[in-house]
Amino acid sequence: MVPVVLSVFWTVFNQTGLFVAVVSSWLAIIAAEWKVWIDLRFRILGAMAVLLTMVLFTLEYLLIEWSIVPSVFGAVGALWLDTVLWSGIGFGGFVLLLRVLAKRQAAWFFIELALIALGTAVVFFPHQYKIIMRPLWLSDLAWSIGLEPSMALGIIGASLATLLSVLTVFEQSNRRHASVVVFPILALLTLIFVDPLEMETPPPPQQLEDILNGGQQDGEQSSGSGGSGQPDENEQTVNSGQEEKQSGSQGQPQPVAVVLLGDDYTPANETFYFRQEIQSQYNGLRLVAPTDPEIPYNAPRGFPESEITFMPPPSRDAYRKTVLADVALLTQHTSPFILETGVYYTPTVNPRPGRFNRTYRSKSSALNIGYEQFLDMHIGNPEWSNEYWAHLTGRPKDRRYLELAESIVVKLPEEYRDNLVAQAFAIKLYLDEQTKYTMSERHEKASDPTGEFLFGPHAQLTGYCVHTSHAAVFLWRALGIPARVGVGYATPAEQQKGSAILVLANDAHSWPELYVEELGWVILDIAPQTVLDEMGDGPDMEILDALEELARAEPDSQFRRAINWRALWNQYRGVLLNGFTFMLMSIVLWLAVHKVRRRLTYLRQSTPYWVYVSALDALSEQGWTRRKGESPEQFAARIHTECPSFTLIVWAQVGHVFGQEQTDGSELLQYRNRLASEIVENTTGWRWIGWLNPFSPWASK
Amino acid sequence: MPLPLRIYKYVDAVYTRMQPFLEWLPFTSGGALFCASSGLAVWYFGVHRSDFILIVIGAVGLLMSLVSMVFTLGFGVLLWRRYRQIEPDTLLLRVGETHRLEAPITVPWWMPLMQVSWYWETPSMEVELDGTQEILKPTRRGVWLDVRRKVQVGDAFGICTIRFASKQPCTLKVLPESIPPTLPTILQGLQGGGDQAHPYGLSTGDRIDIRNYAQGDPVRYILWKVYARTGQLVVRTPEKAFEPVQRLLAYLIVHPSDSSAAALGTSILHDNRLGDNWAFGADGYQGSCTEVATALEVIVTSGNSNVQDGQGLEEFVSQQRDASSLLIFAPAQSGTWVQEVQTLASRLPIQVCMVGKAPQKRSSLETILFNPRQTDLDRLDRESVREVVQQLGSRGVSVSIVFPTGLVLDSVEFMRQFPDKGAA
């Protein structure tokens with residue numbers, strides 16, 4: 001119950017309230033032991049609970065609303081009284097009710113248990129959805145002692161499970177169970193078999209799915225981001241719920257992957273573009289991935305099981321830099337994303353299958369020059385076939401695209417007016433200036449969403465990356481510039497720490513690309529200057545440290561795999577077995593010494609007690625033992641036929657205990673020797689086995 | 001359309017037949033709740049929300065449930081094989097006393113986390129278990145040839161439990177409880193040996209005989225003049241028989257609430273307080289007995305008797321030709337025995353001793369607030385006693401109310417101390 005107080009009301013009560021709640025819960029637990037609660041009628045108990053609740057609400061009303069209380073105690077005093085009222089009487093009453101119900105009927109005890117478990121888990125709930133860095137105080141503590149936070153959480157769970165199990169036994173059992181030692185073992189076994197890190201990987205981020213589909217999902221799925229009109233209140237609620245889930249429990253954007261760069265590389269425009277899909281085929285509505293197998297597709301489809309090499313861009317050495325990258329996906333994806341422009345892909349061994357959904361290595365030929373150097377270059381490739389040209393310039397038949405493109409181009413200085421690169425830049429700059437970015441405007445009900453985005457009438461020039469990229473590509477294509485849309489993640493350089501880049505769900509993006517003869521496909525992203533949406537929280541970069549080490553899976557990493565018990569066993573088997581054998585032998589030796597001492601002390605000290613002890617031990621090692629509850633006299637009578645001398649020894653001992661004059665020592669020794677003969681007479685030659693039994697004195701008690 | 005109200009009878013009948021099988025269903029209600037909660041913790045919090053703590057707790061909970069179920073069923077079968085028939089024994093117990101005996105059923109040390117408990121189905125017995133000991137508190141006298149227990153085998157968590165019946169051939173004799181032998185003064189009025197010569201009469205005796213006053217004697221028979229002269233309360237005997245036969249009949253009305261009455265009868269017989277010439281009978285016993293040992297045995301065995309509530313009283317009296325008076329040990333509650341006594345009131349003087357424990361005092365507030373207490377069956381019901389006193393008093397039957405503590409109240413005193421609530 002106290003954990004419940006501390007956890008559930010941690011944020012509700014202030015320090016005083018918390019203290020009062022703890023004290024009141026202790027008092028309630030003591031008060032619940034009062035027998036009167038058991039005799040009380042159930043309906044009276046219910047009525048008391050209802051009455052107490054009503055009284056609490058009434059008192060609270062009076063404390064807060066009744067002017068006399070704040071005037072006497074002050075506003076702070078009134079609030080303090082209110083806190084004490086709820087934390088003391090309210091919580092105490094609740095604990096008392098729960099305890100009493102548990103005492104009356106065992107089933108309620110399990111509800112109590114569930115509340116304790118939930119109450120304790122609430123303290124650690126920020127770690128849900130695999131955000132193992134949370135709570136930070138725990139992860140810091142875990143790392144400081146060289147433990148992985150997830151393992152620390154698992155150990156907390158195992159300890160709590162053990163505690164609750166023992167509590168259950170004490171509450172429910174009518175006898176003492178030495179076997180409660182099994183619980184820690186059970187909990188540890190659970191920890192091994194239910195490795196928390198091996199749990200299901202979260203689904204792919206909604207943002208990326210949305211962009212891949214061009215925002216053209218069915219109504220129900222897309223309601224989260226609004227429709228053609230203004231989203232209603234319910235839609236907004238759903239959307240915020242989805243985004244909350246994607247962002248994790250703390251409002252932080254959800255990490256989807258870690259990219260470890262093998263080479264030093266910083267993009268010229270401070271953004272890493274990880275391309276997952278290429279959309280170049282116009283399907284009458286929007287651009288999609290090419291379905292014609294004749295059309296070259298320079299990116300992996302799905303996750304190939306073996307390595308793949310893609311067609312390298314031209315002049316790769318002059319303007320591009322080869323960048324090796326190891327990617328560890330945290331969530332499911334339909335295909336890998338590779339830093340532009342990917343030339344090689346190979347799957348790698350996942351170092352933490354539970355933590356990472358998939359890992360792979362990629363090689364890219366990343367652009368390493370600024371935009372200003374493009375001007376002297378040429379658009380398109382003269383070696384392309386007419387079909388491919390047509391494929392890369394396909395667009396809506398709407399003439400307004402061409403008219404708009406020409407109206408933009410015409411404003412260029414005379415010397416650049418015929419330069420296709422300059423024309424492309426002019427259109428990009430136009431869209432940068434004119435468009436307004438918002439995720440809530442999808443244009444999904446329009447027959448030509450890009451047309452509606454560009455020309456209205458509804459929400460003209462208002463939309464998000466799908467619309468801006470399509471608009472740029474269609475305007476470029478209208479001018480005869482081969483272009484396409486790339487989909488993947490655009491991760492700002494701020495999310496890079498050293499060689500590691502944290503890719504977030506919010507980085508999902510769609511951008512326009514055009515083909516420059518000297519460079520290959522070049523990203524010319526649109527950056528709307530007007531942003532209507534509120535920007536979310538920045539990423540939690542501390543998580544990057546943990547994920548980076550996990551992804552690297554270095555041998556000396558503190559983020560180890562789950563304990564390898566077999567390796568541990570092999571490593572320590574010798575020590576353990578030797579230690580165990582040594583302990584066992586020590587115990588046996590000690591028992592043997594103890595036995596010999598009991599057996600032979602009577603030779604040195606011929607008192608009735610030691611003669612009796614020796615006789616008792618000698619009998620027990622041959623199987624004559626006293627039964628439970630049997631007196632020495634009864635035992636002697638039972639074996640009198642076989643060992644009559646034992647009766648004399650017992651009488652001497654009993655007489656000694658009751659203050660009789662001590663029997664002569666020599667006489668006792670005589671009895672003892674006769675008993676030894678009687679034992680020999682009544683046992684077989686295998687009696688030596690009894691001598692070896694070190695436990696026989698324990699049976700003679 | 002009327003509801004098929006009798007359907008519950010069929011349900012009840014089916015349930016009764018199914019009960020032996022249902023008793024082997026392992027999960028308790030709390031255990032089922034526990035198992036479901038653990039599953040929820042694993043599935044909802046663990047798998048779907050990746051809660052590392054709750055998945056471990058839930059998994060341990062599920063493991064515990066599984067272990068409990070397997071252990072309970074497995075060890076339950078072993079314990080059933082071992083204890084469905086227990087070794088014969090001989091037990092001599094006494095109602096109201098606590099007997100601490102070695103428990104016939106124990107859980108072996110190699111059955112971890114198992115616990116066993118049981119109660120007695122027949123005979124009725126309050127049973128407490130203390131480790132390896134069985135603490136018995138009999139509630140009903142009688143003689144039985146076997147003991148039937150209902151054994152409950154469960155795990156230490158209370159998650160799973162099964163039940164099975166266990167039979168032990170046993171010579172079990174439960175004696176009535178022990179209370180002080182009260183009623184000496186009343187008995188003095190009923191039994192022979194108290195007669196004496198009239199102080200004014202001849203020393204050899206006179207036409208008018210008197211004897212010492214005894215509780216229950218009519219006040220009008222008291223010789224006040226004698227009292228004034230001697231200070232001794234004596235009563236005039238109504239008439240003197242030619243052959244003064246003073247055979248006292250004593251009879252025990254067998255009733256579910258007769259525990260104290262049987263106890264009083266036992267203690268009076270045991271102390272030979274009935275005088276020299278008496279005959280004893282009880283419901284369910286054919287005939288009468290005049291030996292103390294036999295009478296005591298009759299009282300013990302009457303605990304099992306099916307003949308109850310005074311059904312054998314008239315036959316018993318009819319068999320006794322030379323009876324002078326009848327002393328009845330009756331429960332402190334009304335019953336058909338009252339009519340039986342009324343029919344005999346004209347045939348011989350009857351003294352009825354209604355024996356029972358004092359009624360519990362409980363205020364109205366206590367009645368509202370608290371559950372009814374487990375009360376003794378032989379506790380005195382004041383309304384019932386008042387009714388009996390009035391019914392029998394109208395027939396001239398003298399009634400005394402006797403408490404096991406030794407207190408004896410005549411009907412007048414009882415009415416004074418326990419007034420009618422309705423009249424107030």
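In chain A of this predicted model, strands β15 (residues 508-516) and β16 (residues 520-523) run antiparallel and are joined by four bridges. A hairpin of three residues links β15(A) to β16(A). To find the pairing on screen, look for Val516(A), which stands opposite Gly520(A) in β16(A).

**The two chains in numbers**

Here is how the chains compare, item by item.

| Item | Chain A | Chain B |
|---|---|---|
| Helices and strands | 26 helices, 17 strands | 12 helices, 16 strands |
| Buried residues | 39% of 701 residues | 37% of 424 residues |
| Contacts joining residues at least 24 apart, among those at least 6 apart in sequence | 73% | 70% |

How confident is the predictor? For chain B, the mean pLDDT is 83, and 88% of the residues of this chain reach 70 or more. The model as a whole scores ipTM 0.71 and pTM 0.56.

**Inside the nonpolar cores**

Which residues have the most contacts inside the largest nonpolar core? This core has 82 residues, and the ones with the most contacts in it are Ala257(A), Ile427(A), Leu475(A), Trp476(A), Val503(A) and Leu514(A). Helix α18 (residues 465-478) of chain A supplies the largest share of the core, with nine residues. Another core, of 53 residues, lies apart from this one, and Ala263(B), Trp278(B), Phe329(B) and Val408(B) are among its members.

Let us zoom in on one residue. Leaving aside residues up to four places away in sequence, Ala257(A) touches Val327(A), Ala328(A), Leu329(A), Leu330(A) and Val503(A).

**A histidine in a loop**

Now move to the loop between β6 (320-329) and β7 (338-339) of chain A, where you will find His333(A). Is His333(A) buried or exposed? His333(A) counts as buried because 22 other C-beta atoms lie within 10 Å, and the cut-off for a buried residue is 20 or more. You can also see how the fold brings together parts of the sequence: His333(A) and Gly302(A) are 31 residues apart along the chain, while their C-alpha atoms are 8.6 Å apart in space.

**Where the chains meet**

Next, look at the contact between the two chains. Here 31 residues of chain B are in contact with 43 residues of chain A. On the chain B side, the elements giving two or more residues are α2 (29-48), α3 (52-83) and β3 (114-122). Which element gives the most to this side? The answer is α3(B), with 10 residues. Sorted by kind, the chain B side that touches chain A has 20 nonpolar, nine polar and two charged residues.

**A bent helix**

Finish with helix α1 (residues 7-22) of chain B, which bends by about 35 degrees at Thr16(B). A proline, Pro20(B), follows within four residues of that bend. How many of the 16 residues of α1(B) are buried? The count is zero, and α1(B) is hardly covered.

Note on methods:
Residues are numbered from 1 along each chain as its sequence is written. Chains are lettered from A and ligands numbered from 1 in the order in which they are written. This is a predicted model: local features need pLDDT of at least 70, side-chain atom pairs count only at pLDDT 80 or more; totals for chains, interfaces and linings use all residues. A nonpolar core is a set of buried Ala, Val, Leu, Ile, Met, Phe, Trp, Tyr and Cys residues joined through C-beta atoms within 7 Å. A residue is buried if 20 or more other C-beta atoms lie within 10 Å of its own, exposed if 12 or fewer, and partly exposed in between; C-beta atoms are placed from the backbone. Two residues are in contact if their C-beta atoms, placed from the backbone, lie within 7 Å. Ala, Val, Leu, Ile, Met, Phe, Trp, Tyr, Cys and Pro count as nonpolar, Asp, Glu, Lys and Arg as charged, and the others, Gly among them, as polar. The bend at a residue is the angle between axes fitted to the seven residues ending there and the seven starting there. pLDDT is the predictor's confidence in each residue, from 0 to 100. Two strands pair if DSSP finds at least two bridges between them.
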